[in-house]
Amino acid sequence: NYFHSTELVTFWLFISSMLFIFSNIIELNYKWIRLNNEITVFWILTIIRLIVIPCLCVWLLLIYSSKEINRTIKMICTGLWFVLLIGLQFLLKTLNLIQFKQWNFYFSFVEWLILWFLAVGYWSTFRVLLKKEGVIE
């Protein structure tokens, strides 16, 4: 199975925009996560939001779209996806690139759970529309 180029680009843009909305709410509005004020930290976090996390999301949805992969492996990959994203946040904290203020593991899990629901919902809906238009089979 594969992603159509339109599907890949729109999904990538959707995930990136959701990540920036989340970061604005969490970091700027509520200040639950504070960033180190160095410019390199800004660029590292921007690259993570624009490349690393969308890559992980696309990887997960490629697994979901595969008919050859059984449901158990898909569930394990979903768990691994959560572990990687939460682990990435805590790695950034350990490296002193970000600081947690009123933030904990459960908030991280809820943040990525919301992203997962939005991503899967968007992907499923967009795939149905592409099938209806005859773009994909």
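The model is a predicted one. It has four helices and two strands, arranged along the sequence as α-β-α-α-β-α.

**Overall fold**

- The C-alpha trace spans about 50 × 30 × 20 Å along its principal axes.
- The protein has 137 residues, and 40% of them count as buried.
- Among contacts with a separation of 6 or more, 75% are between residues 24 or more positions apart.

**The largest cavity**

- Its volume is about 220 Å³.
- The lining of the largest cavity is made up of 16 residues, and those nearest the centre are Glu 27, Arg 49, Gln 89, Glu 111 and Trp 112.
- Which elements give two or more residues to this lining? They are α1 (5–29), α2 (39–65), α3 (71–94) and α4 (105–132).
- Helix α1 provides the largest share of the lining, with five residues.
- Sorted by class, the lining of the largest cavity holds 11 nonpolar, two polar and three charged residues.

**The second largest cavity**

- About 30 Å³ of space lies in the second largest cavity.
- Around this second space sit Cys 57, Leu 60, Leu 61, Trp 81, Trp 116, Ala 119 and Val 120.
- Helices α2 and α4 each contribute at least two residues to the lining of the second largest cavity.
- How does the lining of the second largest cavity divide by class, and how many residues are nonpolar, polar or charged? There are seven nonpolar residues, with no polar and no charged ones.

**Helix α2**

- With 27 residues, α2 reaches 38 Å from its first C-alpha to its last, which is close to the 39 Å expected at 1.5 Å a residue.
- Helix α2 also has a kink of about 40 degrees, centred on Ile 48.

**Helix α4**

- The 28 residues of α4 reach 40 Å from first C-alpha to last, close to the 40 Å expected at 1.5 Å a residue.
- The buried residues of α4 are Ser 108, Glu 111, Trp 112, Leu 115, Trp 116, Ala 119, Val 120, Trp 123, Phe 126, Arg 127 and Leu 130.
- As a reminder, an α-helix has 3.6 residues a turn, so residues three or four places apart point the same way.
- The cover over the buried residues of α4 includes α1, α2 and α3.
- Two of those buried residues, Glu 111 and Trp 112, are also among the residues nearest the centre of the largest cavity.
- Trp 116, Ala 119 and Val 120, likewise buried in α4, are among the residues that line the second largest cavity.

**Arg 127, a charged residue in α4**

- Arg 127 belongs to helix α4.
- Is Arg 127 buried or exposed? Arg 127 counts as buried because its relative accessible area is 14%, under the 20% cut-off.
- Beyond its neighbours within four places in sequence, Arg 127 is in contact with Tyr 2, Phe 3, Glu 7, Ser 65 and Ile 136.

**Lys 93, in α3**

- Lys 93 is found in helix α3, and it is partly exposed, with a relative accessible area of 37%.
- Leaving out residues up to four places away in sequence, Lys 93 touches Ile 98 and Phe 100.
- Lys 93 and Leu 35 are 58 residues apart in sequence, while their C-alpha atoms are 9.4 Å apart in space.

**Two loop residues with positive phi**

- For background, most residues other than glycine have a negative phi.
- Lys 31 has a positive phi, near 55 degrees, and is placed in the loop between α1 and β1 (33–35).
- Lys 31 is partly exposed, with a relative accessible area of 41%.
- Asn 96 has a positive phi as well, near 60 degrees, and lies in the loop between α3 and β2 (98–100).
- Asn 96 counts as exposed because its relative accessible area is 54%, over the 50% cut-off.

Conventions. Residues are numbered from 1 along each chain as its sequence is written. This is a predicted model: local features need pLDDT of at least 70, side-chain atom pairs count only at pLDDT 80 or more; totals for chains, interfaces and linings use all residues. Side-chain values use heavy atoms; hydrogens and water are left out. On a 1 Å grid over the protein atoms alone, a cavity is a set of points where a 1.4 Å probe fits but cannot get out, and a pocket is an open set with protein on both sides within 12 Å along at least five of seven lines; lining residues have an atom within 4 Å of a point. Grid points are joined across faces, edges and corners, and a volume is the space filled by probe spheres set on the points. Ala, Val, Leu, Ile, Met, Phe, Trp, Tyr, Cys and Pro count as nonpolar, Asp, Glu, Lys and Arg as charged, and the others, Gly among them, as polar. The expected span of a helix is 1.5 Å times one less than its number of residues. The bend at a residue is the angle between axes fitted to the seven residues ending there and the seven starting there. Buried means under 20% relative accessible area, exposed over 50%, partly exposed in between (1.4 Å probe, protein chains only). Contact means heavy atoms within 4.5 Å.
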